[in-house]
Amino acid sequence: MNTHRELRPLTTRESIVLLSSAQVGRVVFTDEALPAIRPVNFVVDGSSVVIRTGREGSLSKLNGNVVAFEVDHIDSSTRSGWSVIVHGRAERVRDIEQLVTLADPAKSSWVPLRDYFLRIPFDMVTGRRLALPNVNSEISN
């Protein structure tokens, strides 16, 4: 039995499907000249990731900044998994119709009192999977 794993790149489509299957990711940004990472829950909305945050937190200051957003799934028992990274310029959501749609309780933040919406468009999407060879390339967790 072959137990040698291979690391392979994911297509953009595969990456977006996996991204959409996750609930928690990490926003990577610069905060006062230092690298910073914040775990957040999120939704995929069209061709972007949307997170809710408070008006006073470090994430609310990212409007206009280039950020990275990462999600992954690791299975330690099989030593396999995947990772997807989105790069984009964060932008505050201001359109009333979009805000109403995004405020849907099914898309609510895990942390209460989050009324600031930040969109990270899919300017660049990359992903990779570590798995046994000949594993079906279609999406699975």
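This note comments on the salt bridges and the nonpolar core of the structure above.

1. Basis of the note. The structure is a predicted model, in which local features need pLDDT of at least 70 and side-chain atom pairs count only at pLDDT 80 or more, while totals for chains, interfaces and linings use all residues. Residues are numbered from 1 along each chain as its sequence is written, and side-chain values use heavy atoms, with hydrogens and water left out.

2. Salt bridges in general. Side chains of opposite charge can pair when their charged atoms come close. A salt bridge is here a side-chain nitrogen of Lys or Arg within 4 Å of a carboxyl oxygen of Asp or Glu. By this rule the model has 5 salt bridges.

3. Arg8 and Glu14. These two residues form a salt bridge, with 3.2 Å between the closest N and O atoms. Burial is judged by relative accessible area: buried means under 20%, exposed over 50%, and partly exposed in between (1.4 Å probe, protein chains only). Glu14 is buried, at 6%, whereas Arg8 is partly exposed, at 22%.

4. Arg26 and Asp72. Arg26 has a relative accessibility of 32% and is partly exposed; Asp72 is also partly exposed, at 28%. Their side chains meet in a salt bridge of 3.4 Å, N to O. This pair links distant parts of the chain, since Arg26 lies in strand β2 (residues 24–31) and Asp72 in strand β6 (residues 66–75), 46 residues apart. Helices (H or I, at least four residues) and strands (E, at least two) are DSSP runs, numbered from the N terminus. Arg26 and Asp72 also belong to a network of salt bridges that includes Glu70.

5. Asp45 and Arg119. A salt bridge of 3.0 Å, N to O, joins the side chains of Asp45 and Arg119. The two residues are 74 apart in the chain: Asp45 is in the loop between β4 (43–44) and β5 (48–53), and Arg119 is in strand β9 (residues 116–121). Asp45 is partly exposed at 25%, but Arg119 is buried at 9%.

6. The nonpolar core. In soluble globular proteins, nonpolar side chains tend to be buried together. A nonpolar core is a set of buried Ala, Val, Leu, Ile, Met, Phe, Trp, Tyr and Cys residues joined through side-chain atoms within 4.5 Å. The largest one has 25 residues, of which Leu19, Val27, Ile51 and Phe69 touch the most other members. At least two residues of this core come from each of α1 (12–21), β2, β3 (34–41), β5, β6, β7 (80–89) and β9.

7. Leu19. Contact means heavy atoms within 4.5 Å. Apart from neighbours within four places in sequence, the contacts of Leu19 include Phe42, Val49, Phe69, Val84 and Phe122.
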